[in-house]
Amino acid sequence: MNIENLLKRDSFIERGARSRAQALLDPGTFRELVGPFARLHSPWLAMQHLVTQADDGVVVAKGKLAGLPTVVLAIEGAFQGGSMGEIGAAKIAGALELALRDNERGIPTQAVIVFETGGVRLQEANLGLAGIAEIQSAIVALRRRRPVIGISAGTVGCYGGMSIAAGLCSYFVMTREARLGLNGPQVIEQEAGVAELDARQRALIWSLTGGEQRAATHLADACVDDDTAAVRASVIDFFARGVPAVHRSDRAADFLACLERVDTDRQATAQDVRELYAKGLE
């Protein structure tokens, strides 16, 4: 991309959660549910004298996308690293459950989740984990009727229990700048040592967990440019495909078989991983 096109680009990454939700929905249809004026502060952060946010870092919007009823659930990575606590997780799970109820009543409501999260909020660990489990259950229930599409653009990435939620989505869209993994590089370094993974090796981390690699290894369905129009167009395209015949999570045995062929005596390269998944998931 030349400098002129770069300056003209409408970066999806640079948008906040509310702006991302507005950009995905058709113009004039955005309506926020349980927004900041509902004042759903986390009681657990306040108890520890930590800064709270009135929407707990989760935007729930309802409107239309390509003319169809849609809920967009966008996580604000700038607040507490996009971590999931009691309030934010309940907002996402509740919105997905309402979308399912719409479908049961004949209203074909579809869902988009914008993942910008490090996983569970440690200050609310038990309640946060329970909330993530409810999100995962709600995704599985809704995707039987309508596609649930996940997006990870950057800069936080998608980690922890929410990476499992991402894996349950009908389709998953990433940018090259995004990352997807169960554990973040700092956590891996802390638990397994720098010899296992040096969290400062950014090129290695993105080559293994970035959007381009995840799409190449079938853990994401598309890797698109950091352009709002491109992200939106990809989401519309996947909704048009309908519910996939086989969801990614139904192929768990195939993915595990690929992992079993990894040579753990040396650090795998990005090309090693691509070749293993290409052979195992044909």
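Biologist: Why does Val173 count as buried?

Modeller: Buried means under 20% relative accessible area, exposed means over 50%, and partly exposed is what falls in between, all with a 1.4 Å probe and protein chains only. Val173 is at 1% relative accessibility, so this residue counts as buried. A word on the ground rules: this is a predicted model, where local features need pLDDT of at least 70, side-chain atom pairs count only at pLDDT 80 or more, and totals for chains, interfaces and linings use all residues. Residues are numbered from 1 along each chain as its sequence is written, and side-chain values use heavy atoms, with hydrogens and water left out.

Biologist: Where is the place of Val173, and what is a strand here?

Modeller: Val173 sits in strand E6 (residues 171–175). Strands (E, at least two residues) and helices (H or I, at least four) are DSSP runs, numbered from the N terminus.

Biologist: Which residues is Val173 in contact with, leaving aside its neighbours within four places in sequence?

Modeller: Contact means heavy atoms within 4.5 Å. With those neighbours set aside, the contacts of Val173 include Ile149, Gly150, Ile151 and Ser152, as well as Ala222, Val224, Ser234 and Phe238.

Biologist: What makes strand E5 (residues 148–152) mostly covered?

Modeller: In E5, 5 of its 5 residues are buried. Val148, Gly150 and Ser152 point one way, while Ile149 and Ile151 point the other way, and all are buried.

Biologist: How do you know that strand E4 (residues 110–114) pairs with E5?

Modeller: Two strands pair if DSSP finds at least two bridges between them. As one example, Ile113 has Gly150 as its bridge partner in E5.

Biologist: Is Asp26 called buried or exposed, and what is its value?

Modeller: Asp26 has a relative accessible area of 15%, so it is buried. Asp26 lies in the loop between helix H2 (17–24) and strand E1 (31–33).

Biologist: What makes the Asp26 and Arg232 side chains a polar contact?

Modeller: The term asks for a pair of N or O atoms within 3.5 Å; within protein, one must be able to donate a hydrogen and the other to accept it, and residues adjacent in sequence count only if both atoms are side-chain atoms. The side chains of Asp26 and Arg232 make such a contact at 2.4 Å. Beyond its neighbours within four places in sequence, Asp26 is also in contact with Lys64, Leu65, Ala66 and Gly67.

Biologist: Why is Leu33 called partly exposed?

Modeller: Its relative accessible area is 23%, so Leu33 is partly exposed. Leu33 lies in strand E1 and, its neighbours within four places in sequence aside, is in contact with Val60 and Lys62.

Biologist: What is called a pocket, and what volume does the largest pocket have?

Modeller: On a 1 Å grid over the protein atoms alone, where a 1.4 Å probe fits, a pocket is an open set of points with protein on both sides within 12 Å along at least five of seven lines; lining residues have an atom within 4 Å of a point. Grid points are joined across faces, edges and corners, and a volume is the space filled by probe spheres set on the points. For the largest pocket that gives about 1,500 Å³. Its lining has 42 residues, and nearest its centre lie Gly181, Leu182, Arg214, Leu259 and Tyr277.

Biologist: How many residues in the lining of the largest pocket are nonpolar, polar and charged?

Modeller: Ala, Val, Leu, Ile, Met, Phe, Trp, Tyr, Cys and Pro count as nonpolar, Asp, Glu, Lys and Arg as charged, and the others, Gly among them, as polar. By that scheme the lining of the largest pocket has 26 nonpolar, 10 polar and 6 charged residues.
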